[in-house]
Amino acid sequence: MNDKLVFLGLLYFVQGIPYGLQSSLLPVYLRGAGHSLTRIGFTKILYFPWVLKVLWAPLVDRVGTKRRWLVGTVSGLALTCLTSAALAPEAHIWGVAGTLLAMNSLASVQDIAVDGAAVGLLKGRGELGLGNTAQVVGYKAGSVFAGGGLLAVIDVAGWSWMFMLLTFVYAGVALFVWGAPVLDDETVRGQQADASRKGVQGADAVRPWRIWRKLLAVPGTPWTVLYVLTYKLGEQGAVTMFPLFLLDHHMTARELGFWNGVIAMGFSICGSSLGGLLLAQFSIGALMRRVFVLRTISMVFQSSLLTVLEPSPTMKGMAVLSMSIQHFLGGLITTLTFTTMMHCTQRAEDGIQATHYSFLATLEVLGKLTFSALAGGVVDWFGFQVAFLFFLTLSAGTALHVWTATFTGALREHQLKEQPK
């Protein structure tokens with residue numbers, strides 16, 4: 001099991017690097033250059049390859065091996081970073097945007113392959129919880145490394161040095177995956193062999209509507225689809241806009257890179273880790289019900305801070321506390337969510353499991369991406385206070401949706417099945 005966790009954690013770590021560059025480093029850089037919140041919000045369009053990944057997920061499912069897909073995509077990320085090292089962001093802003101778009105495209109394909117491997121490798125409730133903890137923690141650690149860590153030193157080290165470092169990181173991981181024995185697991189190879197032998201699945205490749213029917217027919221999928229589209233809406237707006245509020249009123253870019261990019265994300269990783277441990281002890285329905293209520297309360301606290309515009313040490317401390325709580329609960333919720341998604345996917349037949357999980361993961365990204373792109377416009381139009389009241393309303397609605405499901409919906413069924421015998 002330790003080999004599996006190291007393997008998955010490392011791959012999700014390098015997968016989180018493009019997100020960290022774009023979510024933490026790029027907004028602060030653009031805001032410091034005087035760009036509007038609306039324009040900064042629209043940079044989220046660079047995440048669009050994650051929305052499209054479900055279209056090529058069947059190809060990854062049926063062509064080649066997981067090892068080849070992983071080595072190819074990680075090597076491609078290394079080459080992209082090497083190219084980016086020659087760019088100057090002040091003079092080549094469109095080149096930087098193209099680099100991030102290419103990195104997101106490669107990372108989205110890598111995500112399909114590693115998710116498919118994870119579904120085959122992780123067995124039982126205990127492994128699912130720990131495996132999804134490795135996924136979320138690894139991804140966020142990569143985001144912290146690329147966003148908060150590099151943001152804190154980019155003024156000293158420079159853009160080229162930063163991307164040369166990322167080139168060596170990706171190249172090293174590609175070599176690790178090429179020789180990783182965990183991909184020799186008989187279960188993973190058996191699933192690939194089964195998928196290649198099934199003629200019906202070959203017919204599905206040219207009749208995609210049949211695949212969609214199969215995906216939606218998997219038990220629990222309709223509720224999970226609605227949930228992953230909406231569970232982060234209010235939180236995503238707050239997480240995206242609150243740091244920019246602090247940048248406008250209370251903190252410098254360097255301070256924000258440290259407190260939001262490193263410290264708060266550290267709390268997020270702690271929350272994600274705790275989620276895996278709690279899943280070994282409690283039912284997922286009971287955990288989600290309580291954590292979503294706590295997240296709504298934390299958003300009330302954060303929204304109240306928007307009324308304080310004068311900079312002060314007290315305000316900075318309360319802001320850091322607010323971001324830390326929000327990221328801690330967000331990390332915990334993310335682990336619970338991805339475990340729910342993987343539990344649902346494991347009910348699907350072997351040949352469509354990677355596609356099914358990619359389908360759910362795509363919708364999860366789509367919900368966050370769409371709202372992140374619009375959140376800046378909402379703030380520009382209505383102001384921070386009104387916008388955060390809207391974010392709070394969305395968060396409360398999601399908590400009610402989850403609360404209802406634990407008693408009468410999909411989470412009630414999930415909870416009953418997970419009760420210890």
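**Burial, cores and helical spans in a predicted model**

Student: Why is cysteine 81 called buried?

Tutor: In this predicted model, cysteine 81 has a relative accessible area of 0%. Buried means under 20%, so cysteine 81 is buried.

Student: What makes cysteine 344 count as buried?

Tutor: Its relative accessibility is 3%. The cut-off is under 20%, so cysteine 344 counts as buried.

Student: Which residues is tyrosine 170 in contact with, leaving aside its neighbours within four places in sequence?

Tutor: They are Val14, Ile17, Pro18, Val74, Leu77, Ala78, Cys81 and Met103. Contact here requires heavy atoms within 4.5 Å.

Student: Which residues have the most contacts inside the largest nonpolar core?

Tutor: Tyr170 is one of them, with Leu11, Leu21, Phe163, Tyr227 and Phe292. This core has 69 residues. Its largest share, 10 residues, comes from helix H5, residues 93–121. A second, separate core has 27 residues, including Met315, Ala319, Phe371 and Phe388.

Student: What makes residues 315–338 a helical span?

Tutor: The span is 100% helix and 0% strand, and its end C-alpha atoms lie 34 Å apart. For residues 359–382 the values are 100% helix, 0% strand and 34 Å between the end C-alpha atoms.

Student: Where does UniProt place the feature "transmembrane region"?

Tutor: The unreviewed entry lists several ranges, among them 315–338 and 359–382. That annotation may be inferred rather than shown by experiment.

Conventions: Residues numbered from 1 in each chain as written. Predicted model: local features only at pLDDT ≥ 70, side-chain atom pairs only at ≥ 80, totals over all residues. Heavy atoms only, no water. Core = buried A, V, L, I, M, F, W, Y, C linked by side-chain atoms within 4.5 Å. Buried < 20%, exposed > 50% of the residue type's maximum accessible area, 1.4 Å probe, protein only. Helix = DSSP H or I, 4+ residues; strand = E, 2+ residues; numbered from the N terminus.
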